[in-house]
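Hi everyone, thanks for coming. Let me put the sequence and the model up on the screen, and then we can walk through the helices together.

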Amino acid sequence: MKKTTLCLMTTCLFLTFQPLQSNNATAGVSSSVVNSNPIESTEIEILLGRLNEIKGMDKSNLKPSDKINLRIEVRSIKQRLAPIGGGGVYISVGAIILIVLLLIILF
C-alpha cells in the first residue's frame, strides 16, 4: 500500500514538473511585444489630469445626476488606464503557506 502511494505520488510529480518546449524557441523567430491599443503619453497625462480635477472638485453642490455622470466618467477613465498599469501578481494564502513549509523542510 505504501509503495503504491509513493509510486503514484512520484509519477504525479514527474508529470507535473515535466519541462515543455515553447513554440517560440523552436521557431527561431524573435518575438516583440505588440500593443494592439497603444495610448500615447500625452493622452495618459490628460486622463490623469482629468481624474485629479474630478478628485479636487467640491461635489456637495452637485445634483445627484451630475454625481452619477462623474462616477461613470471616472470608471471609464480608469478602464482606459487599467491596461497600462500592468496588473500584478497575486499569490493566495494557501500558496504562501505551502512555500513557507517547503522552505522550512528544505532548509
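Helix H3 has 15 residues, and from its first C-alpha to its last it reaches 21 Å, close to the 21 Å expected at 1.5 Å a residue. That expected span is 1.5 Å times one less than the number of residues, and the helices themselves are DSSP runs of H or I, at least four residues, numbered from the N terminus.

A word on the source: this is a predicted model, where local features need pLDDT of at least 70 and side-chain atom pairs count only at pLDDT 80 or more, while totals for chains, interfaces and linings use all residues. Residues are numbered from 1 along each chain as its sequence is written, and side-chain values use heavy atoms, with hydrogens and water left out.

So which residues of H3 are buried? They are Leu47, Leu51 and Ile54; buried means under 20% relative accessible area, exposed over 50%, partly exposed in between, with a 1.4 Å probe and protein chains only. Looking down the axis of H3, the buried residues fall within an arc of 65 degrees, so they line one face of the helix; the arc is taken over directions from the helix axis to the C-beta atoms. On the other side of H3, Ser41, Glu45, Ile46 and Asn52 are exposed.

Now, over to Leu70. Leu70 touches Arg50, Ile54, Met57 and Leu62, not counting residues up to four places away in sequence; contact here means heavy atoms within 4.5 Å.

Finally, helix H1: of its 15 residues, the number buried is 0, so H1 lies largely in the open. Thanks, all!

Methods: Helices (H or I, at least four residues) and strands (E, at least two) are DSSP runs, numbered from the N terminus.
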